[in-house]
Amino acid sequence: MEFLEELQRRRTFGIISHPDAGKTTLTEKLLLFGGAIQEAGAVKSNKIKKGATSDFMEIERQRGISVATSVLAFIYKDKKINILDTPGHKDFAEDTFRTLTAVDSVIVVIDVAKGVEAQTEKLVEVCRMRNIPIIVFINKLDREGKDAFDLLDEVEQKLGLRVTPLSFPIGMGYDFKGIYNIWEEKLNLFSDDKKQTVTKGIEFSDLNDPKLDNIVGENSANTLREELELVYEVYPKFSKEVYLKGELQPVFFGSALNNFGVKELLDCFTEIAPTPQPKMSEERLVDSKENKLTGFVFKIHANMDPKHRDRLAFVKIVSGTFKRNAPYLHVRNGKKMKFSSPNAFFAEKKEIVDESFPGDIVGLHDTGNFKIGDTLTEGEHISFRGIPSFSPEHFRYVNNADPLKSKQLQKGLVQLMDEGVAQLFTLEINNRKVIGTVGALQYEVIQYRLEHEYGAKCTYENLAMHKVCWVKPDDPKNEEFKEFRRTKQRYLAKDKQGQLVFFADSAFTIQMTQSKFPSVKLHFTSEF
Ligand code: G4P
């Protein structure tokens, strides 16, 4: 197959949701349709079980699963679909944010009874900032939930989206009969009361056809007619172009568990979802159709075997063809590197491949050369944007608990930070190290992994801070910045890249500091 054909058939996306909305179930059903797995239950949930926060086995179990489900690929109607896993647990939100830099579109799963939940709001905000095309799937229609129109309103208001339904439910919960597929003008109904089998879609372009009454009953037919009339009146007509710009979000209803509405979602997805997109680098816009290879690392995963300290770096291919054993430039350290066993992902397996194309993810074995955000090229010096660090929300001093192992501690900390497990800051005033994380769970992961993989021990001391802000003075030489440095000396630190950060103990402090030193800008992410 030609390069351009390979590119055109790829769809790389992520499924995001609040835990329990049905992400794992939906993923599994998609893989079933792709023939990549044979039975339900094959995809393991990467969820952290409730109440398991101090169970190390649980953390290890989760890590094992998240390697296996990092990328799940399958072929459907000749399209190569790559699903990138996004942890739903809020303590791993930063992992998800980084993965969103590698997707070309997303599907958001919402529980019909719970509506829009906190974690979904955060994740969708990141997608909106980047204009990522979004499809919404409202799940669990077999249960009683919110009214469809109320839910659509909630999605618009809480997620800031502009929606248009491409399917509409007929009844809900006990009365759930099926959906009308607006996209294909078909009726999909359950064929028995147990709600386990589904009829083939019945073509139904004219809803006034009296046959509809015979099929779903007069009451349901009339309600559907009225509701659809409202849908056509109130919501904008679907336009693929506007969806691709990230300005209109189609909505589907269904039940992943009962396999209802999933095929319709997938059929529409393969037709409308974007092919591999161009990506902005610091230097220029890189088009996916360019034939020279470019790609970037968006995730690093430590090997599960502590005896081998090698890691797997996940590279998203932006342009060109990635070839096994070809020399590529590691832009940050200026070295040429060859990879003899790049992994490609298929369902839950990984295998060595000779060639990969834009949209694909390759897993490269790494002995410590890669950091998140690193770029590979055929020689050009470019670095991809859009892998910012977000301000952590928890902070602790880290102390060495075994003086004979300080080198190991140092090395372990640096490598874990390169993987993106947490962020390390060094206070300017006394050089003490502070670990910042999004969730408290990471501290246990770090302590456990330092001990088991590096033979180092650490203890923590709480540091009551609200956020770190990255500091950018309008003019580093002006008096105001000098005064800022003098008065805030105790709260200034450097991040891993050597950028100046300010530790703020409250939102009020940030406000006060900003109004006192207006020419010193404070940012919540490392990229601004
Ligand atoms: P997540 O990955 O988003 O966290 O959610 P997951 O798919 O694990 O689904 C969470 C729970 O919701 C699971 O039940 C799952 O079976 C259920 N579920 C998913 N889709 C539907 C649906 O369409 N209808 C109904 N009624 N339930 C659905 P669980 O009891 O927590 O787990 P399990 O023991 O069934 O695996």
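Buried means under 20% relative accessible area, exposed over 50% and partly exposed in between, with a 1.4 Å probe and protein chains only. The model is predicted: local features need pLDDT of at least 70, side-chain atom pairs count only at pLDDT 80 or more, and totals for chains, interfaces and linings use all residues. Residues are numbered from 1 along each chain as its sequence is written, and side-chain values use heavy atoms, with hydrogens and water left out.

**View 1. Residues around the ligand.** The ligand is surrounded by 17 residues, and the closest are Asp20, Lys23, Thr24, Thr25 and Ser255 (near: one heavy atom of the residue within 4 Å). Helix α2 (residues 23-33) gives the largest share of this shell, three residues. Helices (H or I, at least four residues) and strands (E, at least two) are DSSP runs, numbered from the N terminus. Four nonpolar, seven polar and six charged residues make up the shell; Ala, Val, Leu, Ile, Met, Phe, Trp, Tyr, Cys and Pro count as nonpolar, Asp, Glu, Lys and Arg as charged, and the others, Gly among them, as polar.

**View 2. Polar atom pairs at the ligand.** A polar backbone atom of aspartate 20 lies 2.6 Å from an oxygen atom of the ligand. For aspartate 142, an N or O atom in the side chain is 2.8 Å from a ligand nitrogen atom. Leucine 257 places a polar backbone atom 3.2 Å from an oxygen atom of the ligand. The protein buries 67% of the 710 Å² that the ligand exposes when taken alone (Shrake-Rupley method, 1.4 Å probe).

View 3. Ala148, Phe149, Leu151, Leu152, Glu154, Val155 and Leu159 of α6 are buried. At the N-terminal end, aspartate 147 caps α6, with a side-chain oxygen 3.1 Å from the backbone nitrogen of phenylalanine 149. Glycine 160 follows α6 and has a positive phi, near 65°.

**View 4. Strand β15 and its partners.** Nine of the nine residues of β15 (residues 311-319) are buried, so the strand is largely enclosed by the rest of the structure. Strand β14 (residues 294-302) runs antiparallel to β15 and is joined to it by eight bridges (strands pair if DSSP finds at least two bridges between them). Valine 297 stands opposite valine 315 of β15. Strand β22 (residues 361-366) also pairs with β15 in the antiparallel sense, over six bridges, and phenylalanine 314 stands opposite glycine 363 of β22.

Notes
Polar contact = N/O pair within 3.5 Å; in protein donor to acceptor, adjacent residues only side chain to side chain.
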